[in-house]
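Take a moment with the sequence and the fold. Then follow along, one piece at a time.

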Amino acid sequence: MEELYSKAETLALRRKHIGPSCKVFYAKDPLKIVRAQGQYMFDEKGEKYLDCINNVAHVGHSHPYVIKAATKQMELLNTNSRFLHDNLVQYAQRLTATLPEKLSVCYFVNSGSEANDLALRLARQYRGHQDVITLENAYHGHVTSLIDISPYKFNQLGKDSKKEYVHVAPSPDIYRGKYREDHPDPASAYAEEVKKIIEETQKNGRKIAAFIAESMQSCGGQVIPPVGYFQKVAEYVRAAGGVFIADEVQVGFGRVGKHFWAFQLQGEDFVPDIVTMGKPIGNGHPMSCVVTTREIAEGFGASGLEYFNTFGGNPVSCAIGLAVLDVIEKEDLQGNATRVGNYLLELLAEQKEKHPLVGDIRGVGLFVGVDLVKDKQKRTPATAEALHLIYKLKEHQILLSADGPYRNILKFKPPMCFTMEDAKHAVETLDALLTELEEATGMKTENNASTNVQCKRKTTEESSKPEGASESIGHVNGAACRQENGIYSKKRSVPSKRIRT
Ligand SMILES: Cc1ncc(COP(=O)(O)O)c(C=O)c1O
């Protein structure tokens, strides 16, 4: 493909014209990607990279069926939703059919942030309450209303950055959190924390509008809430006149394999009041959605204010949304997420046995985290090591990101067409790089004795800031990664394999 600018020129122009807070992935040597197909991305030299992080290209980059649906509709018409159009209602019908019955009313918008912002408006209008309970380390979007409820972001702004209407509940993380895997009932214990917050808030004369949480925390560190937690939280929040918002922007659309929505992992007895969707919904086309109950929607409408969104729900976006649903079904991508996800988890579990750096493996379907630790007993986050591995993997043409509050968790959330062979290749390369790193840092010998020891208590060391906290943080598709690599920069010695399709 003919390039308009050399990579150096592209970078220079970007520095000149694009806001400096818009970070690039791999700041030391950014990638210039010119095309992508399936689970692969190609740079300007035609080098092929295995994409293990892109949950936006859900059914695969440049999927021909989705492209065809978009082109066909673009040739015909694109306009706003004030005109009747079959695509809008057909898509609303198809989308709500994937959800529990009471979630039947859609608002189509254009990004995850827009969806969450609108969800907050719906919640606040419903009972006239204002306050929001959010989870530790949560990220819900980049607009003002969402930075305010995203500790992942506002914590970087200093200690007084939390607004008084925002209340932060502990992340239901049974590996690093307050209640761990040895607790008899972590779901109830974490839900009790929310209840305490509600009681405290009410004592201060404040009223809860909503509890918002990702159905599985992504930026927050690949946290899978214990089963039963959401049911209990919903009970407490609803009793206080609030609603439960499930943010499925990262984890929805079959990524967990056995369910279409990640909140369904909690059990059939749990139904959120509002669900927000984004990223994978349009396979890269900017669209998103808020789905809620008739009652909440009527409450929102009661203000008399029209809700108008210029691009939301346009015929092209809806055609794309429909095509994405078709492909998920036709190509059995949920089945693939289960099969490949289980295989990936198996392979990674072997790495946990083998490597002192691997503290925990957790995930469902094609949403998997590798929690790297400097010490298995203390669970000290291996932040610099994670960053080092991300850069090394890139040398081997594998794209992964590191995230979580300590940026020590390697995140797998690839396009849903990821194969067993891709999983094997990624884990074999990771295995070799871990060995190389552990040998170079003398970790193998030091930590061998404690390899299988599990620690249940929180240590002061792990609650401290990650090393080099002043380094900049980049955010790619919701994945934050630190931009400097300061641990160990020996020339690559693991043989570089070509990725096969
Ligand atoms: C969980 C979650 N919610 C919402 C958003 C915001 O989505 P967008 O960047 O499309 O506005 C993100 C983005 O990373 C996210 O990870």
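Start with the overall picture. This is a predicted model. The protein has 14 helices and 18 strands. It holds 501 residues, and 50% of them count as buried. Now think about contacts along the chain. Take those with a separation of 6 or more; 76% of them link residues 24 or more positions apart.

Strands in a sheet pair through backbone hydrogen bonds, and the pairing is either parallel or antiparallel. Here 7 strands line up in the order β4-β10-β9-β8-β7-β5-β6, with mixed pairing. Which strands stand at the edges? They are β4 (105-109) and β6 (166-169). Each has a single partner strand, so one side of each lacks a neighbour in the sheet. On average, neighbouring strands of this sheet are turned by 20° against each other, direction ignored.

Look inside that sheet at one pair. Strand β9 covers residues 274-277, and strand β10 covers residues 288-292. The two run antiparallel and are joined by 4 bridges. T276 stands opposite V290 in β10.

Now move to β2 and β3. Strand β2 (residues 40-43) runs antiparallel to strand β3 (residues 48-51), and 3 bridges join them. M41 has Y49 in β3 as its bridge partner. The two strands form a hairpin with 4 residues between them. In this hairpin, G46 takes a positive phi near 85°. Strand β3 has another pairing to trace. It pairs with strand β14 (residues 398-399) in the parallel sense, over 2 bridges. There, L50 stands opposite I398 in β14.

Turn to the helices. Two packed helices are described by the angle between their axes and the distance between the axes. Begin with helix α4 (residues 112-127) and helix α9 (residues 294-301). Their axes come within 8 Å and cross at roughly 80°. Angles of 65 to 115 degrees count as roughly perpendicular, and α4 and α9 are therefore roughly perpendicular to each other. Which residues meet? From α4 come L122, Q125 and Y126; from α9 come I296, G299 and F300. By class, this contact of α4 with α9 has 4 nonpolar, 2 polar and no charged residues.

The crossing of α11 and α13 is right-handed. On the α11 side, V340, Y343, L344, L347, L348 and Q351 take part. They meet M420, A423, K424, V427, L430, D431 and L434 in α13. The contact of α11 with α13 divides into 10 nonpolar, 1 polar and 2 charged residues.

Finish in a loop. H140 lies between β5 (131-135) and α5 (144-147). Is H140 buried or exposed? H140 has 32 C-beta neighbours inside 10 Å. A residue is buried with 20 or more, so H140 counts as buried. What does H140 touch, leaving aside its neighbours within four places in sequence? Its contacts are N116, L146, I149, S150, I212 and D247. E114 sits 26 residues away from H140 along the chain, and their C-alpha atoms are separated by 10.0 Å.

Definitions and conventions: Residues numbered from 1 in each chain as written. Predicted model: local features only at pLDDT ≥ 70, side-chain atom pairs only at ≥ 80, totals over all residues. Axes fitted to C-alpha atoms, helices over the stretch in contact; angles between N-to-C directions. Parallel < 35°, antiparallel > 145°, perpendicular 65-115°, else oblique. Contact = placed C-beta atoms within 7 Å. Nonpolar A, V, L, I, M, F, W, Y, C, P; charged D, E, K, R; others polar. Pairing = 2+ DSSP bridges. Left-handed = near helix turned anticlockwise from the far one by under 90°. Buried ≥ 20, exposed ≤ 12 C-beta atoms within 10 Å, placed from the backbone.
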